[in-house]
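Colleague: Could you walk me through this one? I have the sequence and the picture open, but I am new to this and would like to go step by step.

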Amino acid sequence: MSTLRTRFAPSPTGSMHIGNARTAAFAWLLARHHGGQFILRIEDTDRTRYVEGSVEEIQDGLKWLGLDWDEGPFFQSQRLEIYRELAEQLVREGKAYRCWCSPERLAQMREEQKAAGLPTGYDRRCREGAPGHTPGEPHVIRFAMPLDGVTEFHDHVRGTLSFENALIDDFVMLKADGFPTYQFANVVDDHLMGITHVVRSDEWLSSTPKHVQLYAAFGWEPPQFVHPALILGPDRSKLSKRHGAVSFREFTQMGYLPDALLNFLALLGWSPGDNREVMTRQELIEAFDIPGIVNHPAIFDRQKLDWLNRQHIRMLPDGELARRVKPLLEEKGFGGLQDGYLESVVRVMKDRLTFLHDIVELACYFFTDEFEYEEKGGKWLQDPGAAQFLEGIADALKDCEWSDAAIEARVREAGEKLGREGGALIHPIRYACTGKTVGPSLFAALETLGRDRVVRRLRRAADLARVQ
RNA sequence: GCCCCCAUAGUGCAGAGGCCUAGCACACCGCUCUUUCACGGCGGCAGCACGGGUUCGAAUCCCGUUGGGGGUACCA
């Protein structure tokens, strides 16, 4: 049995779309599940739409997601000779023909067909020869579709599909500029590169019969087809820019974990069959296979992605989470943090992060004394007894054993003497030490902050309270 | 217009004729835990698009309708 080979074949025409990333993830997962190979091929056959930098963006994106490829990237623009020779071969065999029809004529023809309520398509004027033209003049090469019968093929997601040949266009294989079209180059390369499973989204379904005919014309065995449905925006149309963030790069920059995004992408149009959802990369590879791919389109749901990201953050060991969060903090000017300290911060904050960078906003008081006091908590300092109370707590803690249990005992004891308990005891202390009205368990937070910071902040807040 | 695909709660999935009084998850709403906000736990809301068949029996099979999507380029 030969190894399974899949490929990801994007065109470098702009930012990599989140939908492309999903297709790439499916193809990669399928290859890895079966111990096969995953190939990267850049389909740069449209010179007019080429966007500088997009090849790099595609590769960076795949690397970020952890989708490593075994061969490539191959560039179709470097294989022009191959396509030309193969196209000429088909011309010689009478399975393709030269066409000199002008784009203007073609456009007009299409309009007339539409107006008459007919199916659109090339009228095959040059199919039986075009007197007065020579191969020296600019022309395209078209495939000569069978004029009757049907083309049938099996798709692993859709089942057996059949299309009437008469309705399929004599499509262009080679353009006037010598570049191949997708329809042609794609088939040639999939064959030459030994692709066994073509994984691509639904939008290609209706051109698959053309591909099947091309394989037949060359006498090549067609690959297995796998067409997952499209990803839709909330309005149910093909996900695009007007739905907000759709470029893959935006997601990598928003603070999603690669494993979380991979998990989410895999779940868009596939399921393991049981009710598992939160899955590691390894679990995905083990579970992913064709039968789990669903045949109806899915709407992209950010809330679910966010939830998945939370789950993946919580799965990270503290040390690893600390390591990932560190550069984000340094970026905000919170440098020079001890690993051990950062790890303890991360431990108390872990359950509260949707994104890694949330830590900056939610836990800044762990990294600097210069945090802001939320306006909302001002009342805790305005209270007449506040200054005296905070000083009292500071005194009680200045020689306290530093564990959260000991801190709690000492604070409660001191609170009792000062006539405070419950919220009136806890909230002012939190506000004094963190500037916030919400956060992790107070005693755990104090323990993590350390005695010096806590005592210092309590006294500072007491001073603040006195001027109120 | 023509061709093709799709149809289970708001969203993502499970379901491959009886196990379905349709399950799970996100979101939402309660309750609970708790010093707060989260987390967690418990509970709730909400769905087989519609109409015909086939069958003893249909979410599951067939046909039609409706709705949605994709394609229809010398773009991919």
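Modeller: Let us begin with a pair of strands: E1 and strand E2, which covers residues 37-42, pair in the parallel sense over four bridges. Within that pairing, Thr 6 stands opposite Phe 38 in E2, and Arg 7 stands opposite Ile 39 in E2. Please keep in mind throughout that this is a predicted model.

Colleague: In what order do the strands of that sheet come?

Modeller: The order is E1-E2-E3, in an open sheet of three strands whose pairing is parallel. E1 and strand E3 (71-75) stand at the edges with a single partner strand each, so one side of each has no neighbour in the sheet. From one strand to the next, the twist averages 25 degrees.

Colleague: And how many of the six residues of E2 are buried?

Modeller: Five of the six are buried, so E2 is largely enclosed by the rest of the structure.

Colleague: Before we go on, how does the model score for confidence?

Modeller: The model has an ipTM of 0.94 and a pTM of 0.93. For chain A the mean pLDDT is 92, with 99% of its residues reaching 70 or more.

Colleague: Okay, new topic. Which way do the side chains of strand E6 point?

Modeller: They alternate along strand E6, which spans residues 150-155.

Colleague: What does the side chain of Thr 151 make a polar contact with?

Modeller: One partner is the side chain of Asn 165, at 2.4 Å, and the side chain of Gln 213 also makes a polar contact with the side chain of Thr 151, at 2.7 Å. Thr 151 counts as buried because its relative accessibility is 2%.

Colleague: And what does E6 pair with?

Modeller: E6 pairs with E7 in the antiparallel sense, over six bridges. A hairpin of three residues joins E6 to E7, and Asp 155 stands opposite Gly 159 in E7.

Colleague: Which strands form the antiparallel open sheet in this model?

Modeller: Three strands form that open sheet, in the order E4-E5-E8, and the pairing is antiparallel. Strand E4 (96-99) and strand E8 (172-174) are the edge strands, each pairing on one side only. The twist in this sheet averages 45 degrees from one strand to the next. Four bridges join E4 to strand E5, residues 140-143, and Arg 98 stands opposite Ile 141 in E5.

Colleague: Now the RNA. How many residues surround RNA strand B?

Modeller: There are 64 residues around RNA strand B, and the closest are Arg 158, Lys 175, Arg 236, Glu 277 and Arg 352. By class, the surface near RNA strand B has 27 nonpolar, 18 polar and 19 charged residues.

Colleague: Which helix or strand gives the most to that surface?

Modeller: H10 gives the most, with five residues. Several elements supply at least two residues each, among them helix H4 (103-115), strand E7 (159-164), helix H5 (182-192) and helix H17 (422-434).

Colleague: Which parts of the RNA do the atoms within 4 Å of the protein belong to?

Modeller: Of the atoms of RNA strand B within 4 Å of the protein, 74% belong to sugar or phosphate, and the rest belong to bases. As examples, a polar side-chain atom of Ser 11 lies 2.9 Å from a sugar or linking oxygen of RNA strand B, and an N or O atom in the side chain of His 427 is 3.1 Å from a sugar or linking oxygen of RNA strand B.

Colleague: And what lies 3.2 Å from a base nitrogen?

Modeller: That is a backbone N or O atom of Cys 101, which lies 3.2 Å from a base nitrogen of RNA strand B.

Note on methods: Residues are numbered from 1 along each chain as its sequence is written. Chains are lettered from A and ligands numbered from 1 in the order in which they are written. This is a predicted model: local features need pLDDT of at least 70, side-chain atom pairs count only at pLDDT 80 or more; totals for chains, interfaces and linings use all residues. Side-chain values use heavy atoms; hydrogens and water are left out. Two strands pair if DSSP finds at least two bridges between them. Axes are lines fitted to C-alpha atoms, for helices over the stretch in contact, and angles run from 0 to 180 degrees between N-to-C directions. A residue is near a molecule or strand if one of its heavy atoms lies within 4 Å of it. A polar contact is a pair of N or O atoms within 3.5 Å; within protein, one must be able to donate a hydrogen and the other to accept it, and residues adjacent in sequence count only if both atoms are side-chain atoms. Ala, Val, Leu, Ile, Met, Phe, Trp, Tyr, Cys and Pro count as nonpolar, Asp, Glu, Lys and Arg as charged, and the others, Gly among them, as polar. Buried means under 20% relative accessible area, exposed over 50%, partly exposed in between (1.4 Å probe, protein chains only). pLDDT is the predictor's confidence in each residue, from 0 to 100.
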